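Dear colleague,

I am passing on the structure below, together with some notes on what was found in it. Please read them with the structure open beside you.

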2 protein chains.
Amino acid sequence: MQIAIVLYDRFTALDAVGPYETLGRLPGADTVFVAERTGPVRADTGRLALTADRTLADVPSPDITVVPGGPGQIAQMENTVLLDWLRAADATTTWTTSVCTGSLLLAAAGLLQGRRATSHWLTLEQLRRFGAEPTGQRVVTDGKYVTAAGVSSGIDMGLTLLGAIAGDEEAQAVQLLTEYDPQPPYDAGSPAKAPEQVVDRLRSASRFVMS
Amino acid sequence: MQIAIVLYDRFTALDAVGPYETLGRLPGADTVFVAERTGPVRADTGRLALTADRTLADVPSPDITVVPGGPGQIAQMENTVLLDWLRAADATTTWTTSVCTGSLLLAAAGLLQGRRATSHWLTLEQLRRFGAEPTGQRVVTDGKYVTAAGVSSGIDMGLTLLGAIAGDEEAQAVQLLTEYDPQPPYDAGSPAKAPEQVVDRLRSASRFVMS
């Protein structure tokens, strides 16, 4: 089963690496990082690059697509090469997935019309522009479309999808291998739980990077 | 504050990316991925490479070191270039840290003698060989040494250390930005919680990759 994880300039690294480290451990998976061009692709901080081993054109019909989010998503909303590839790949995928603002790219490609979906909490409402119905859930499955909320939620999505494809025991084995027994030192991982001043601070900052 | 994240052949990607995506968002952080040679470094699956932007020699005195684990750790236990660098860097760090079997590299460099530490649950007892005291905690702080358990625990470590350095609100902001509100679909993330047959399966498989 071929899993294509899409990279583009200024993606968020954990959005891609969460599903890679979980779903990518599906037995027999042929996981491949793809981008418009092969070679290093810089993440949003500028401090890390992941290698795209194949171009989008090299991988026309993956079984699963994974689209990460990040500040670079905004520029990709107008990138017809990527949007055309997402549509063409979707014609043959068994699962089309995203993490964080990656869902806005699926939506811009017209793939989430009339579907329930999620995104980073700061951009959730933008899904409506493309005819999708935003939900506050962390992982949303609607048919073959699986969208995850912000950044770290790709780990939960990866395990969920791994379980759906290969069975509970396979997913539990990967959860144990990656020792995913989360113990965050704070309880501030959603706008409903974080202190109000922290939520306000991110809302203010996001005006400059998310529109 | 310079944060050096060490890469080596067959590291586990999430071990490195968890702290990068959390601790690396420390205001003013100069995060740099380092390895013996610059360029792409392949992770344990062979399906992903992260770029080392600087050599170890380029970054002799970081404020924080982060050492990931992975199957490649075993070969590094004899790598005097890396072990010498870890010791030299440690002479001036304010924090020396690891994720997963990265703690065995710190231990092999002689840095955990007489200290409490942790590692991936499958390799925890190996810490004793180097005079460290293994604990079952997910994140262990002993002086300036912070070690985290397997793979995904680097996210918890990154937030913990971020809070210690920059204060609770800064860490909460990063937790909210990365939407780290974990909702794993299973409760199998530690050997105490996973089904017995899953634990047994990983113990059997690990005989070939961890020794």
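In chain A, Leu159(A), Leu162(A), Gly163(A) and Ala166(A) of helix α5 meet Asp168(A), Glu170(A), Ala171(A), Val174(A) and Gln175(A) of helix α6, where contact means that the C-beta atoms, placed from the backbone, lie within 7 Å. The residues of this contact divide into 5 nonpolar, 2 polar and 2 charged, with Ala, Val, Leu, Ile, Met, Phe, Trp, Tyr, Cys and Pro counted as nonpolar, Asp, Glu, Lys and Arg as charged, and the others, Gly among them, as polar. Helices α5(A) (residues 153-166) and α6(A) (residues 168-177) pack at an angle of about 145 degrees, their axes 6 Å apart; the axes are lines fitted to C-alpha atoms over the stretch in contact, and angles run from 0 to 180 degrees between N-to-C directions.

Please bear in mind that this is a predicted model, in which local features need pLDDT of at least 70 and side-chain atom pairs count only at pLDDT 80 or more, while totals for chains, interfaces and linings use all residues. Residues are numbered from 1 along each chain as its sequence is written, and chains are lettered from A and ligands numbered from 1 in the order in which they are written.

A rotation of 180 degrees with 0.0 Å of shift along its axis superposes chain B on chain A, with an RMSD of 0.0 Å (least squares on the C-alpha atoms of residues with pLDDT of at least 70 in both), and the two copies are therefore related as by a two-fold rotation axis. Of the residues of chain B, Leu50(B) comes closest to that axis, at 2.3 Å for its C-alpha.

With kind regards

Methods: Helix = DSSP H or I, 4+ residues; strand = E, 2+ residues; numbered from the N terminus. Contact = placed C-beta atoms within 7 Å.
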